[in-house]
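Here is a short walk through one protein model. Keep the structure in view as you read.

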Amino acid sequence: MVDVLLGLQWGDEGKGKIVDYLAADYDIIARFQGGPNAGHTLYIEGKKVVLHTIPSGVFQPHCLNLIGNGVVIDPVTLKKEIEEIVALQPDLLERLFISQRAHLITPTHRALDAASEAAKGKEKIGSTLKGIGPAYMDKTGRNGLRVGDCLDGNDFEEKYGKLKQKHMELLKQYDYEVDIEGWENDFKEAVAFLSKLNIINAEYWLEANIKDGKKILAEGAQGSMLDIDFGTYPFVTSSNTIAAGVCNGLGIAPRYVGDVYGITKAYCTRVGSGPFPTELEDEVGEALRKAGNEFGATTGRPRRCGWIDLVALRYAVMLSGVNKLIMTKTDVLDSFSPLCAATSYKVNGQETKEMPYDLCSTEVDPHYEEFAGWEKPINECKTYEETPETFKKYCSFVEEYLGTEITYISNGTGRDQLLKKS
Ligand code: GDP
Ligand code: IMO
Ligand code: MG
């Protein structure tokens, strides 16, 4: 079976930390979408590691790791990341596999991302500028370059040359000047490096492993509210971040999907532009950013902070069929009282518990339920039973509203700062 773990908000819910922990019980961790826009933070023996393209199972020595066909790979960032991780895990390359069908991000994709954002001016998406949107556009536009194209005999140079030409024309239209040649040397070197890695026909590999009874966990990137179809469009990323993305991002049949773990912070953050109904643009938001150290793992940008939004969360739980909730960063709320949770929106004077079609052009007034803060620091608790009643009340409310049980509660950055609840 293939279990799934994904973010239920706007990303950065703590997926990396949780996958690193859960990977102890899995044979394979497989990334199914996104690319180096992701930044998954792990603490390994006190040392901070941020993974962008490599799955978060690499620090469990028995675990194999797959970068699936649904991922877009920047060979330059992947090479850098591998070099960093090999220093910590010398057998990394024996445990890392890449689908030949995954698409490549080229230097011109990055330039196009920057040009497109600059052209949008105030309406920019707030992209991480890693070339994600342009790479997925070429994939669906049937112009993309794939990992398998790097292999001998697959005319990489010719295919790359054609794509670059097309991109240079587009960049001219944007009137965007960039020194691609500088980036190109690194790119070609990294492509040669990539071509020597374990490039596989991943869908057959996964099928064989499933038939062999191996346990597989699909690791999501970004979050459900950044999904290309169901997120706060157009302020989204360019892939399906919900559980449905697992099937086409790995090439596995829906009937093989097992448990779906959905992660939410005990509050909410967003980085980049776009609607965020429960955002706190005041000193409480500022205090949350400080307490939660809410700065982007990929770009370093300050994250916008606000209260947990149960309307959006219920939508995300519904879309992915989440049956196991995980709540992270509970310790961050230690010094906040009262706490709030949005339970409905008022839209045009009407109360609703549904996500409006277009949050960008709709005035949304969230209705909040208030909760007393907890009397004791959560990271001092070693079991769920030890947590204060006020904390239990908050958790029960979230579970009831979402109709899903919380299985784990994270109360710190470390791998083992996790309370099993059910
Ligand atoms: P991801 O993209 O979902 O993997 O999340 P990020 O790594 O971008 O952001 C989550 C941040 O919160 C990281 O800095 C983690 O180290 C940190 N973190 C994760 N869980 C907890 C927790 O329970 N408490 C605290 N204080 N920090 C946490
Ligand atoms: P992880 O996996 C948070 C956001 C960007 C921007 C929008 C589009 O670490 O949770 P893109 O680069 O995809 O064109 O940016 O999506 N975004 C993320 N926000 N966490 C992420 O990944 C993100 N990946 C992209 O900030 O608003
Ligand atoms: Mg992140």
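Helices (H or I, at least four residues) and strands (E, at least two) are DSSP runs, numbered from the N terminus. The loop between β10 (216–219) and α8 (244–250) holds proline 234. A cis peptide bond joins tyrosine 233 to this proline, with omega about 5°. This is a predicted model: local features need pLDDT of at least 70, side-chain atom pairs count only at pLDDT 80 or more, and totals for chains, interfaces and linings use all residues. Residues are numbered from 1 along each chain as its sequence is written, and ligands from 1 in the order in which they are written.

Lysine 329 sits in the loop between β15 and β16. Its phi is positive, about 55°, although lysine 329 is not a glycine. Most residues other than glycine have a negative phi, and most peptide bonds are trans.

Aspartate 12 also has a positive phi, about 65°. Now turn to the magnesium ion (ligand 3). Its protein donors are Asp12 (OD) and Gly39 (O), 2.1 to 2.2 Å away. Donors are N, O and S atoms within 2.8 Å of the metal (3.2 Å for Na, K and Ca); water is not among the atoms, so sites may look incomplete. Aspartate 12 is in the loop between β1 (2–7) and α1 (15–22), and glycine 39 in the loop between β2 (28–31) and β3 (40–44), 27 residues apart.

Conventions: Side-chain values use heavy atoms; hydrogens and water are left out.
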